[in-house]
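Please read the points below with the model open beside you, and look up each named residue as you go. The points begin with a term that you will need throughout.

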Amino acid sequence: MSAESKAAAQAAKERGNAAFAKKGRENLEEALKAYEEGIALDPDNPILHSNVCACHLELASDHWEPRKKVECNARGLLAARKCTGLDSTWVKGYVRQATAEFDLVNAAVKWEERKRQDEKWAREDEERALRDEKEGKKPFRSHKEPEPELDPTLKDVVNGASHSSCEESCYNGLKNEPGNALLRSKLQALRDAGHMTNEEQDKALIDQEAAAKHKAQGNVHFSAKKWQDAVDCYTKAMEQNPFDHVFFSNRSACYAELEEFEKALKDANRCVALNPDFAKGYSRQAHALFHVGRYVEMEAAAKKGLTLDPTSKPLEELLKQAQTETAEPLAVQQKLHQLRQEKRQDAKLQELMRGLNMQGNNIQMFNPGAGGDLSGLLSGL
């Protein structure tokens, strides 16, 4: 490549950087155009391909349309793969590759969910129109334009994207920089999404000292009842050591305080899987199971915990509550769970309205009137 071409490619890159820094869709598209001009002049420059990926990732975040998100992330993934193919030692390339693939998988799932929901609404609209016709009413039929198909040049990369491939990108980058926080974070995001990462490679990456620091900071936030900050710290601890059951126990407790009970249950399950002899893990598990309405399993979890720690007061209370629930017929159990959910939603509505200065403290929409919520029972670490 001539010196002139190289200089022109560098100038295009600098124009792209200036436009990228301004953000906004128009500026991002301008940056993308500049980087692509640079690639035409210097096609083997991995940084230019990485920057193209960064533009597509930002554009994906800017779009609300599911198909557009999928296409932007797919183009970003292609650019990142070109980058790492040109330089397998540059860690940022793997960070962007893993990010693009993780976001692509999520965007594709959400797009499919959106299409199924649209189909459901269309069926309901047609059924309603047919009923109106039978009743002699004028039917209303919506005339939504069909959604454009996915760009055919992107079908292979979209269909081939996976959490396993994303995981591989993370490990490839970590070979070059084992402490890279962004890649460790992406691996933990994969685990939290339900993907089981490679145990052998994860064990080789354990950093006990770093994990302990994050855990200690999480405990400070926990004591101050800053639940989300504590969640973030315990998650960072997991990024350094995903095999410590206490991190999952503590994060489970935080999620319970945040009323994210499915997440609390998932962490409690992982906690007892890592250490089946940890009694407190079963109290976390039973507490979460109560709040998701799975009372039979709650009873079993509390009993298991009590075999390990027969003097545990929280487990005794959880067992007592579980047996109160399971004494009722299944239909009653389900109804009580529904009412408790409505009560929590009512409390959130009142809090919101108080924040809007609408006197939410005078509103009472739901009152199940039966069963405690066990709040505060598991406040300790």
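1. Helices (H or I, at least four residues) and strands (E, at least two) are DSSP runs, numbered from the N terminus. With that in hand, the chain can be described as having 17 helices and zero strands. This is a predicted model, in which local features need pLDDT of at least 70 and side-chain atom pairs count only at pLDDT 80 or more, while totals for chains, interfaces and linings use all residues. Residues are numbered from 1 along each chain as its sequence is written, and side-chain values use heavy atoms, with hydrogens and water left out.

2. On the overall dimensions, the C-alpha atoms of the chain fill a box of roughly 80 × 75 × 40 Å, taken along the principal axes. Buried residues make up 43% of the 381 residues in the chain, where buried means under 20% relative accessible area, exposed over 50%, and partly exposed in between (1.4 Å probe, protein chains only). Contact means heavy atoms within 4.5 Å, and among contacts in the chain between residues at least 6 apart in sequence, 62% join residues at least 24 apart.

3. Is Pro 43 buried or partly exposed? At 40% relative accessibility, Pro 43 counts as partly exposed. Leaving aside neighbours within four places in sequence, Pro 43 is in contact with His 49, Lys 82 and Leu 86, and the C-alpha atoms of Pro 43 and Leu 86 are separated by 9.7 Å although these residues are 43 apart along the chain.

4. Next comes the nonpolar core, meaning a set of buried Ala, Val, Leu, Ile, Met, Phe, Trp, Tyr and Cys residues joined through side-chain atoms within 4.5 Å. The largest one has 32 residues, and those with the most contacts inside it are Phe 20, Tyr 35, Val 70, Leu 104 and Val 158. At least two residues of this core are supplied by each of helix 1 (3–22), helix 2 (25–41), helix 3 (46–62), helix 4 (66–86), helix 5 (91–134) and helix 6 (155–160), and the largest share, eight residues, comes from helix 3. Apart from this core lies another, of 27 residues, among them Trp 227, Phe 261, Tyr 295 and Leu 319. As background, nonpolar side chains in soluble globular proteins tend to be buried together.

5. Val 158 touches Val 70, Ala 74, Leu 104 and Leu 150, not counting residues up to four places away in sequence. Leu 59 is found in helix 3 and counts as buried at 4% relative accessibility; beyond its neighbours within four places in sequence, Leu 59 is in contact with Arg 25, Leu 28, Glu 29, Leu 32 and Cys 72.

6. Leaving aside neighbours within four places in sequence, Glu 325 is in contact with Phe 290, Tyr 295, Gln 333, Leu 336 and Arg 340. Asp 267, in helix 13 (residues 261–274), is also buried, with a relative accessible area of 4%, and among residues beyond four places in sequence it is in contact with Met 238, Phe 248, Arg 251, Ser 252 and Tyr 255.

7. How many disulfides (pairs of cysteine sulfur atoms within 2.5 Å) does a search of the whole structure find? The search finds zero. Cys 170 is in no disulfide, and the nearest cysteine sulfur, that of Cys 166, is 4.6 Å away; Cys 170 is buried, with a relative accessible area of 0%.

Notes. Disulfide = S-S within 2.5 Å.
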